Every structure is written in structure tokens, then in C-alpha cells.
Amino acid sequence: MNTLKNPGLIRPALSLFVLLTVVTGLAYPLAVTGIGKALFPKEAAGSLIEQHGQTVASGLIGQSFSGPTYFWSRPSATSPQPDNALASGGSNLGPTNPALKDAVKGRIDLIRAAHPDQTGPVPADLVTTSASGLDPHISPAAAAYQIHRVAKARGLSDEQVRLLVGANTDGPQWGLFGEPVVNVVKLNLALDEVKK
Amino acid sequence: MNSSIVFQTVMYLVVLFVLAWPLSRLLATALDGSLSSRFAFLGRSERALCRLMGINADEDMPWWRYALALLVFHLIGAVFVYAQQRLQGSLPFNPANMGAVSPDSSFNTSISFLTNTNWQGYSGESTMSYFTQMLSLAAHNFMSAATGLAVAVALIRGFVRRKAAGVGNAWLDIYRSTVYILLPLSLVVAVFLVGQGVIQNFAGYKDVKLSETVTYQVPKTGADGQPVKDAKGNPVLVDTKTAIQTLPMGPVASQEAIKMLGTNGGGFFNANSAHPFENPTPLSNFVQMLSIFLIPAALVFMFGRWVGDARQGLTVLGAMTLLFVTMVGVEYWAEIHANPILTHLGMSGLPGNMEGKETRFGIVASSLFTVITTAASCGAVNTMHDSLMPLGGLVPMWLIKLGEVVFGGVGAGLYGMLIYAILAVFLSGLMIGRTPEYLGKKIEAFEMKMVAIAILATPCLILGGTALSVMLDVGKAGMANPGAHGFSEVLYAFASSANNNGSAFAGLSANTPFYNVMLGIAMWFGRFTVIIPVLAIAGKLAAKPRLAQTSGTLPTHGPLFVMLLVGTVVIVGALTYIPALALGPVIEHLQLFGR
């Protein structure tokens, strides 16, 4: 076989592999990092929120709240603690799994006990775990469900709290994409800033 | 109205086709070499690089040499990815100090990324260094997708060429696919995603101060480092408090873009596209969904253009769209009905099954994403598939098992669908008593044998692997859910691996030596027992003359052939898998709703 017309396969494979690895595995991510930092510095760094000189949250990553003065987030299946950003993931419980039924029953009981004024069905997102375990949002229905409890615990009027909820509610993006949502992390930070 | 499934699906398809049409022109000019002849500097750099790399740019490879080139290329990649994971502890860009990955997990991951599967037994944020994520994983997202494109192009050449000896040059096809198509598209998408909030940095993990201290329980460990057990043998739990949340960081957006555009699907983080840092907004979600189908749809247009009859491409596209829209409908219908066990407890039935879903995506965008990611060989998820309703889980599983031919993976979707098209003309040929032809090429015994191998290989891997796993204790040990759902988990894992999808019913504990090895084998053979027969068909067809159409030729365009093609796909898919699906999702559905 003429080696010039039909070169071996190893050298081309190896050198093409090295070339593409360097271009796509190093040059490309470095280029995106440079451009991203120049155009969207805040987003590239994680949409972090500073308060009183301290980083208190990422506006995108959920946190766990269980006290009476805060709006509660969706349940999180991460371990060992809820909303553990180092172990994102869902419960992976199938619909017929008895463990799912037990978990949801426990959450419904807890929520019913904390909201004696509410008589209707409990909003689904408040008792089911999110896909990432880091969902920063709840539905407007789930926020409305909790308004009276939070207002009472903080000595505010329902109306004051409702206004804050409204300020932290986003409609569908561009009016086209996704669902209306309330950002629980931002809402609770805003609540803590309210002067009584 | 804007949020209805019909509106969202129509909007998605319209935007997709509008973008895919011009892209198909770029694809065609990049891959047939006319781009590098039109722009002299591209041609010059190509030739210079080829000389440097020992590549004969004029070589037209026979099919077997083309296949061999791909195999050698990927074996080198496999060794590299394996080695980098084992050594990552002593390599740079590792602020979180990740140690070496276990041998079986490294094996599984290297096969997974080079076969375009991106099955992930590991959890990214606690396993992989930034360096591994970029150099091994993101780079392979490009190279595996480029291989898919190359094989699809080789097959199209088989139809177009007359009495030719070769099917193209594998090195040039991979180079051009990566540099002219995947790279520029990824750059645009990545920067857009950063604008939406996808992170892109090399910072260390970031601590934030929580407003409320979180109390949780962890197993107590004794002085010997072993968990302490109480009298009954249960681990003793102690309360622990933290007021800190540690946020992972990393070059995510760059990987996210190619993860979608290359239909790879391997997430930077464990939660994949459900993670707010990977997919923060409904708009980023829409762009990710578009990126999955963009190149596969453009390839179908390019196919029509390249064979000189746009109707041929539109027919294939019609069959894909019909299957796609039907499956979106079923998926949405399954998920909009809340779990009756939970509504009986007092949970609201609105908006539907929210377990394992993100609030910002809701039922509509989650259902659409689930169908898209499994119709293609992407496997990214914005919803935890394990927690889908039984029939909501059946849809993605079945789409994967059809071979991901509904738009499908980059390249893989088109060559998969063309295999079905050859089968369809063969079956019709039997019915009308004529020698089957497709696009002017006679389909003969050799081609049909290769088609049979390509279509039967993955079912053997899936059904054989599942059967073996549910018979062995090591296999059963991995199931997280009891009953029929546990069986679905194993079935899904093998379907996803053998068809190079990579999504999962993630409850399955798959990061064990048994599953890492079994699924690694399924991924390797699932990829190459299709690619090699496809290249063989390409080689044989290229050597044949192209026959003129006569009145006796079965037309392979138009609604009749769309239905023939859809029928072939559905019948093969149904006959092969209904028994297995009946044991998993179908039984579970009846248990849930049949009382």
C-alpha cells in the first residue's frame, strides 16, 4: 500500500483529537467566559444578591424556609439538608411509591396545621418536591395560601404582604414563555427589610 | 391562551423550521467543501492543518476505512477521558479539590460521552473538576456530535454518488462539522444563555449567608469513623444546623450550549436542565429546546437539497413532525392529570403532576421538553422522568426505543430514519412485487441485512440487559421504587444507554460497578452496531448506478409515503417493545387509575 496516498489512521486520529480538544475544550470555554464576563458580569457570576455587605443569596437558587415569619419554599429532596446546592436533584419517587404518599401526607398535615384559616385543597407545588431541589419559585396560588399566616406572624396587614408578593411575582416571560411565579428567596429578603 | 400546549408546540415548530432552513444551506456548503473553496483562508488553513496532522485531504475513504477511522478516533478519546478522570486530583482548574473518579465510573463516563449518550452515573457538582468538565466532557460533546454528522453525510453521499469507491473523508467531515457548524452555533447560544443567568466562571464554590438557619439530621459517626447504631440497628441521627448555603460555580454556559446543540445531554450539575444555574428562565428553556432539534431538522432539509429533490426531505420531516406532535399530546395529557393518590390526601389537582417539576416551567414546558429530549438523542432533562406519571414516563421511554428517529440525534436521527425508510420501501416492494428502490438506488440483499442488524441490535441490548439485571441481585439492588416502577427504571436505563440518549429514571442507583459496566457495554455497542451497518450501506449504495425514475417506481415523497414511514416505525417499535412496556408503565397506570 502506498503510504503517501493512504496514510495510517493513528497519526491523523491522534492529532485531530488533540487539535479539537484544545479548540473545543479550552479555547471555546475561555472565549465564552471572556465574552460572558464582559457583557453579563452579574449573570455569569451567579446572579448573587448582596445585602449589608454580605452575599445573602443567588436570585436563582432556592433556600429552605420553615419559620412562621417566612413564605415557605417548595419541598426539596436534596440531602442531607433541603436546598443543598451541592447535591441538586429530585426525589425520583414514582407515582405509586408508598414513600411519596407518606411524604406528601406529612407535608399536607404540617401545612394545614400552620394555616387554619385555609380550607381548600393545598396547592400542589407546596407539597411536591421540585426537579432540582433548588426551585426558587412557588406558584401565585401557593403564595396567596400563606399570606395571612406571614402577615399575622409579622404584625403586618394582609394587604402590605400582598403588595410585596405582587412585587416579587413575574408573569410569563415576554408574555409568551413559562408560568407566572413568585420568587420566594427575594420575597423573604424583601419582608426582612420592611420596617414595622 | 399563550401558555396552552397547542400554542407552545406550534410556536416551537414554526421558529424551529424558520431557523433550520437557512442553517441547512450552511450545513450543505460546509460539509461538501464548497465553503472552504469559496473562502480562501479557510481552504488554506484546512490544507495546512491536514499536512501537519498527516491527513491526505484528497483521500476518498471506502466505507470500511471510514468506519475504522471513526473507531480509532474514539478509542483514543476513550483512553484520554478515562485517564483524565483518574488523574484529575493532580490536574489544574480544580478549586473544589475533586479527587480521582472510581475506575468503573470513569469507564462508564468515557464511553458515555464519546458515544454521544452522556449517561451520567455520577453527580457533576460533587465529582468532576472544571478541567475534566471542559477538556474531557465538553470537548467530547463536540466530537461525538461531529461523528454523528459525519456518518449522516456519508450515508447521503451513498445515495447521491454513482459508481463511486468512497463515501468521503472522515477526518475532513469531523473537522468541518466541528469548526464550521458546532463551534459558531455554540458560541452564540452560550453567550445568550449567560445573558439569561447561566453561570460561566472559574471561581471557587461560593458561600452565602442564609436568612434562616436550617436544621437537619445526619447519621452520627463514632470515634472509629463508623456510623453509630442504636439497639435496633438503626443509625443514630443527630441534629445539625447550618446558616450557610454553598453554591457551586463553573464554566456552565459553554457546556450547556453544546450539550443541547450536539444532542448530548450531559449536565454540568446533577439536576441537569432543571438546575437554575443551567436553565434559569422559561426563555432559556425555549432556546435549549430549539437547540436540540435545530441541527437534526436542518439536516433533513439538507438531505432533500443534496439528493436533488426537496420533497424527499419534506416527506421525512413530515413523518417526524407527525410522530412528534402525537407524542407531545399524549405526554401532556398524562401529566395534566394529578396523581389520584395525592389528590385524595387533600392536594390540589391543579395544575397537574408537579412532583419532580420546576415551577417556572410548569406542566406545558416540562412536557414539551421531555418529548423533545427523548425524540432526539439528547437526554437532558428539565423534569425528573422517574416521577412522571406512568404513561408520561412511557412516552419518553418509547420514543427512545424507536431509535430516536423523531428528529433524533445530530446525524443519528437522520441516518436512523433513513434506515427505516429503506425498510419501508422494502416492505412496500414486497407488497407490490417490485425490486425496492430508494432515491434511484436498488435495495438488495446486502443492504437489507445491514438494515436488519441496525434495527435489531439495540432491542437485543435493551431487552437482554434488562432481563439479566432483573434476574440478578446486583441488578435488583439498584431499584429505588418498588413494584412495576422499579422494573421501568431498569428498562429505561438500558433503553437510554443502548440508544445513546442519556436521560434516566434517576432513582436507579446506577453508579455501581455492575451498572457502570453493563450500561457502558450497551452504549458502545448501541452506537457502533448502528454506525457500522449504516456506513456499509453507504459504501454499497455509492458503488451502484443511480436509476432513472419510471412509472413503475414507488414514489418516496408525499402523504402516502409519510404514512408508510410512520407505520413502519410504529409497527417495529410496537412489536419489539409492547411486552416489556406492559410489565412496567402500563401495569403501573392500571394500578393507579384502574381501581
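Reader: How is the angle between two helix axes defined here, and at what angle do H1(B) and H10(B) pack?

Author: Axes are lines fitted to C-alpha atoms, for helices over the stretch in contact, and angles run from 0 to 180 degrees between N-to-C directions. In this predicted model, helix H1 (residues 5–31) and helix H10 (residues 310–336) of chain B pack with their axes 11 Å apart. The angle between H1(B) and H10(B) is about 155°.

Reader: Is H1(B) roughly parallel or roughly antiparallel to H10(B)?

Author: Angles over 145 degrees count as roughly antiparallel. The two helices pack at about 155°, and the crossing is right-handed. Therefore H1(B) is, relative to H10(B), roughly antiparallel.

Reader: How many residues of the contact of H1(B) with H10(B) are nonpolar?

Author: From H1(B), the residues Ile5(B), Thr9(B), Tyr12(B), Leu13(B) and Phe17(B) take part. They meet Leu317(B), Thr321(B), Phe324(B), Val325(B), Val328(B) and Tyr332(B) of H10(B). Of the residues in this contact, no charged ones occur, two are polar, and the nonpolar ones number nine.

Reader: Which strands stand at the edges of the open sheet in chain A?

Author: Three strands form this sheet in the order E3-E5-E4, with antiparallel pairing. Two of the strands each have a single partner strand, so one side of each is left without a neighbour in the sheet. These edge strands of chain A are E3 (137–138) and E4 (169–170).

Reader: Which residue in E5(A) is the bridge partner of Ile138(A)?

Author: E3(A) and strand E5 (residues 181–183) of chain A pair in the antiparallel sense over two bridges. In E5(A), the bridge partner of Ile138(A) is Val182(A).

Reader: Which helix packs on this sheet, touching E3 and E5 of chain A?

Author: The direction of this helix makes about 50° with that of E5(A). The helix spans residues 184–193 of chain A, and its name is H7.

Notes. Residues numbered from 1 in each chain as written. Chains lettered and ligands numbered in written order. Predicted model: local features only at pLDDT ≥ 70, side-chain atom pairs only at ≥ 80, totals over all residues. Heavy atoms only, no water. Helix = DSSP H or I, 4+ residues; strand = E, 2+ residues; numbered from the N terminus. Parallel < 35°, antiparallel > 145°, perpendicular 65-115°, else oblique. Left-handed = near helix turned anticlockwise from the far one by under 90°. Contact = heavy atoms within 4.5 Å. Nonpolar A, V, L, I, M, F, W, Y, C, P; charged D, E, K, R; others polar. Pairing = 2+ DSSP bridges.
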